[in-house]
Amino acid sequence: MSAKPKLYYFDGRGKMESIRWLLAAAGVEFEEEFLETRDQYEKLLQGGSLLFQQVPMVEIDGMRMVQTRAILSYIAAKYNLYGKDLKERALIDTYVGGTDDLMGFILIFPFLSAEDKEKQYAFIAQKATSRYFPVYEKILKDHGQDFLVGNNFSWADVHLLEAILMVEEKKSDVLSGFPQLQAFKARISSIPSIKKFLEPGSQRKPVPDDKYVETVRRVLCMYYDVKAN
């Protein structure tokens with residue numbers, strides 16, 4: 001296997017994008033193999049690499065890892081982005097879990113009908129501003145530190161910045177009522193490894209387009225419409 005982690009997924013965001021973010025935040029170079037045909041996917045299935053018949057799949061440290069949360073937890077622990085003790089890890093898991101719930105509303109967006117997309121715009125903005133962002137705003141205000149957990153850069157910070165940028169793509173002024181998160185966004189974005197990942201030409205993927213949606217549908221034989229929340 002390659003010395004660098006190797007990522008198997010589509011040439012687009014989806015569930016792999018958070019893995020790209022975390023590796024980039026840790027300063028880890030990685031390779032990617034993009035799934036473009038059903039035959040590629042079938043080959044992974046037949047080779048026994050996909051335990052639950054799903055991607056993402058990541059080759060790292062002699063393992064072929066599946067299940068996004070397991071992959072992210074491993075990377076966070078390996079590169080010291082998972083807190084200094086069990087209590088900090090529990091907080092990181094809690095904050096990542098909340099952020100992941102918000103991201104889930106956005107991940108389905110490209111696969112919605114035009115009518116449902118309009119509804120989802122409002123739904124995402126409402127959930128971000130009423131349920132999720134107020135929590136992180138209060139955490140940052142109450143402890144007065146630069147980062148979410150233990151005043152050290154962690155997976156929780158990376159995940160929250162990714163979510164903020166995703167929501168801003170749908171509603172550019174979503175942080176207007178959240179001064180702590182505005183400062184957080186600027187602070188985390190200026191970390192050298194994050195700044196590099198945000199620059200043009202990085203392995204960060206753009207907003208999913210019709211080509212990405214068509215590829216996913218073709219490879220996974222996904223012939224049904226996803227429903228809005």
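## Helix α6 and Ile164

Helices here are DSSP runs of H or I with at least four residues, strands are runs of E with at least two, and both are numbered from the N terminus. Helix α6 covers residues 155-170, and Ile164 is found in it. Before going further, keep in mind that this is a predicted model, where local features need pLDDT of at least 70 and side-chain atom pairs count only at pLDDT 80 or more, while totals for chains, interfaces and linings use all residues. Residues are numbered from 1 along each chain as its sequence is written, and side-chain values use heavy atoms, with hydrogens and water left out.

Is Ile164 buried or exposed? Ile164 has a relative accessible area of 0%, so it is buried; the cut-offs are under 20% for buried, over 50% for exposed and in between for partly exposed, using a 1.4 Å probe and protein chains only. A contact means heavy atoms within 4.5 Å. Once neighbours within four places in sequence are set aside, Ile164 is in contact with Phe133, Leu175, Leu181, Phe184 and Lys185. As for Leu102, 62 residues separate it from Ile164 in sequence, and the two are 9.7 Å apart in space, C-alpha to C-alpha.

## Strand β3 and Val58

Now for a strand: Val58 has its place in β3, residues 57-60. Val58 counts as buried because its relative accessibility is 0%. What does Val58 touch, not counting residues up to four places away in sequence? The list is Pro5, Lys6, Leu7, Met16, Ile19, Met63, Arg64, Met65 and Ile71.

## Helix α3 and the residues after it

Helix α3 spans 68-78. Its buried residues are Thr68, Ile71, Leu72, Ser73, Ile75 and Ala76, and what covers them includes α1, β3, β4 (63-66) and α6. Ala77 is also found in α3, but with 36% relative accessibility it counts as partly exposed. Ala77 and Lys6 are 71 residues apart in sequence and 18 Å apart in space, C-alpha to C-alpha.

Leaving aside neighbours within four places in sequence, Ala77 is in contact with Tyr82 and Arg89. Just after α3, Asn80 takes a positive phi of about 55°.

## Rings that pair up

A pair of aromatic rings is described by the distance of the centres and the angle of the planes. Rings of Phe, Tyr and Trp (its six-membered ring) pair if their centres lie within 6.5 Å; planes under 30 degrees apart are stacked, over 60 edge-to-face, and the rest tilted. The structure holds eleven aromatic pairs. One of them joins Tyr9 and Phe10, edge-to-face, at 5.1 Å centre to centre with 65° between the planes.

Tyr9 counts as buried at 7% relative accessibility, and so does Phe10 at 2%. Together with Phe111 and Tyr212, Tyr9 and Phe10 form one aromatic cluster.

## The largest pocket

On a 1 Å grid over the protein atoms alone, a cavity is a set of points where a 1.4 Å probe fits but cannot get out; a pocket is an open set with protein on both sides within 12 Å along at least five of seven lines, and lining residues have an atom within 4 Å of a point. Grid points are joined across faces, edges and corners, and a volume is the space filled by probe spheres set on the points.

The largest pocket has a volume of about 970 Å³. Of its 37 lining residues, the closest to its centre are Tyr9, Gly14, Lys15, Val55 and Leu107. Which helix gives the largest share of this lining? That is α4, with five residues. The lining divides into 22 nonpolar, seven polar and eight charged residues (Ala, Val, Leu, Ile, Met, Phe, Trp, Tyr, Cys and Pro count as nonpolar, Asp, Glu, Lys and Arg as charged, and the others, Gly among them, as polar).
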